[in-house]
Amino acid sequence: MTTITFSPASEPAELSDKVSGAWAFILIECATFSAYFIVYMLYRMHDPATFAEAQTHLSPTFGLVNTLILLASSWQVARSVHSARAGRYDVAWRQAVLTVALGLAFVVSKLSEWGFEIQRGYTFETNDFFAFYFFLTGIHVVHVLLGFVFMGVALYKLHERDVHSEALEIAGIYWHMVDFLWVVIFTLLYVVR
Amino acid sequence: MSKAIEGHLFRVWLALSGITLLSYWLGSESAGGGALVSYAALLIVAIKVRVIASEFMEARRASKKLQLAMDAWLFVLLAALTAIYTFKLDMPAV
């Protein structure tokens with residue numbers, strides 16, 4: 001009888017087909033978002049005065065808090081992946097739960113920000129800047145929600161002690177992508193003048 | 001997870017959070033706005049994305065082709081954004 005044993009390693013030598021596939025998916029997502037970013041910048045340069053004026057109505061503090069929350073969540077999922085590789089599944093599970101909690105905090109913060117802007121009369125139809133603002137942040141939140149699905153599968157696999165599962169590795173890669181796409185959105189919407 | 005990895009991830013997170021505060025300051029009125037601030041912000045975002053990709057996503061562990069593709073994507077995106085900003089390229093009329 002063959003016994004299959006799992007020996008956790010902190011640095012796996014080679015990526016599996018599934019994880020490589022996840023990376024390919026990430027690159028497609030990056031290309032798609034790049035198109036959004038480039039079109040945003042082209043529109044911005046078409047009417048810089050309107051964009052610059054509209055930008056002053058955003059709350060940079062919301063942008064800062066959003067970014068810090070997502071960076072913290074990325075940190076937690078990175079820790080979770082390493083904990084799982086070391087065979088510490090209880091710790092990995094708690095860190096993954098914390099990742100999801102921070103993701104929820106991001107969504108709540110984003111909903112609050114949208115409510116804040118809409119209450120002051122700034123909507124999708126106000127001007128091109130706000131159309132891009134709601135589109136870019138909205139499509140990003142959709143990706144955060146999809147990240148919850150990936151993390152949900154990872155949490156289930158951790159709970160089941162499925163030591164051969166790569167769900168957490170894949171969820172981690174996806175979650176980091178959601179993080180760095182937000183970093184670009186934050187810079188374009190809140191910082192670049 | 002070893003203490004070395006734990007410490008490394010903590011330092012990466014701390015550095016990313018710190019550089020985010022710098023971005024926040026650049027976006028504030030006290031930074032004065034202007035093109036220089038925007039170029040600095042674009043440079044910072046390139047560094048942040050590269051750090052997240054290499055240290056958190058572990059792009060270094062990916063195949064060379066994927067790592068190259070990731071770096072190429074970041075370079076092309078930032079080059080395009082910088083060129084549009086510098087040369088004031090705008091949306092063609094439709």
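## A nonpolar patch on chain A

Helix α5 of chain A (residues 128–159) supplies three residues, the largest share of the nonpolar patch, in a model that is predicted. The patch covers about 320 Å² of surface and is made by A:F25, A:L146, A:V149 and A:V153. Nonpolar side chains are joined into a patch within 5 Å, from residues with over 30% relative accessible area and no salt bridge. A:V149, which lies in helix α5 of chain A, counts as exposed because its relative accessibility is 53%, exposed being over 50% with a 1.4 Å probe and protein chains only.

## Where chain B touches chain A

In the interface, 44 residues of chain B are in contact with 52 residues of chain A, contact meaning heavy atoms within 4.5 Å. The two chains bury about 4500 Å² between them, 76% of it on carbon and sulfur atoms; this is the accessible area (1.4 Å probe) lost on being put together, summed over both.

Between chain B and chain A the count is two salt bridges, each a side-chain nitrogen of Lys or Arg within 4 Å of a carboxyl oxygen of Asp or Glu. The side chains of B:E6 and A:R79 meet in a salt bridge at 2.6 Å, N to O. On the side of chain B that touches chain A, α1 (3–26), α2 (35–56) and α3 (64–86) of chain B each supply at least two residues, and α1(B) gives the most, with twelve residues.

## How to read the model

Residues are numbered from 1 along each chain as its sequence is written, and chains are lettered from A in the order in which they are written. Local features need pLDDT of at least 70, side-chain atom pairs count only at pLDDT 80 or more, and totals for chains, interfaces and linings use all residues, while side-chain values use heavy atoms, with hydrogens and water left out.

Conventions
Patch = residues over 30% accessible without salt bridge, like charges linked within 9 Å, V, L, I, M, F, W, Y side chains within 5 Å. Areas by Shrake-Rupley, 256 points an atom, 1.4 Å probe, with all protein chains shown as cover. Helix = DSSP H or I, 4+ residues; strand = E, 2+ residues; numbered from the N terminus. Buried < 20%, exposed > 50% of the residue type's maximum accessible area, 1.4 Å probe, protein only.
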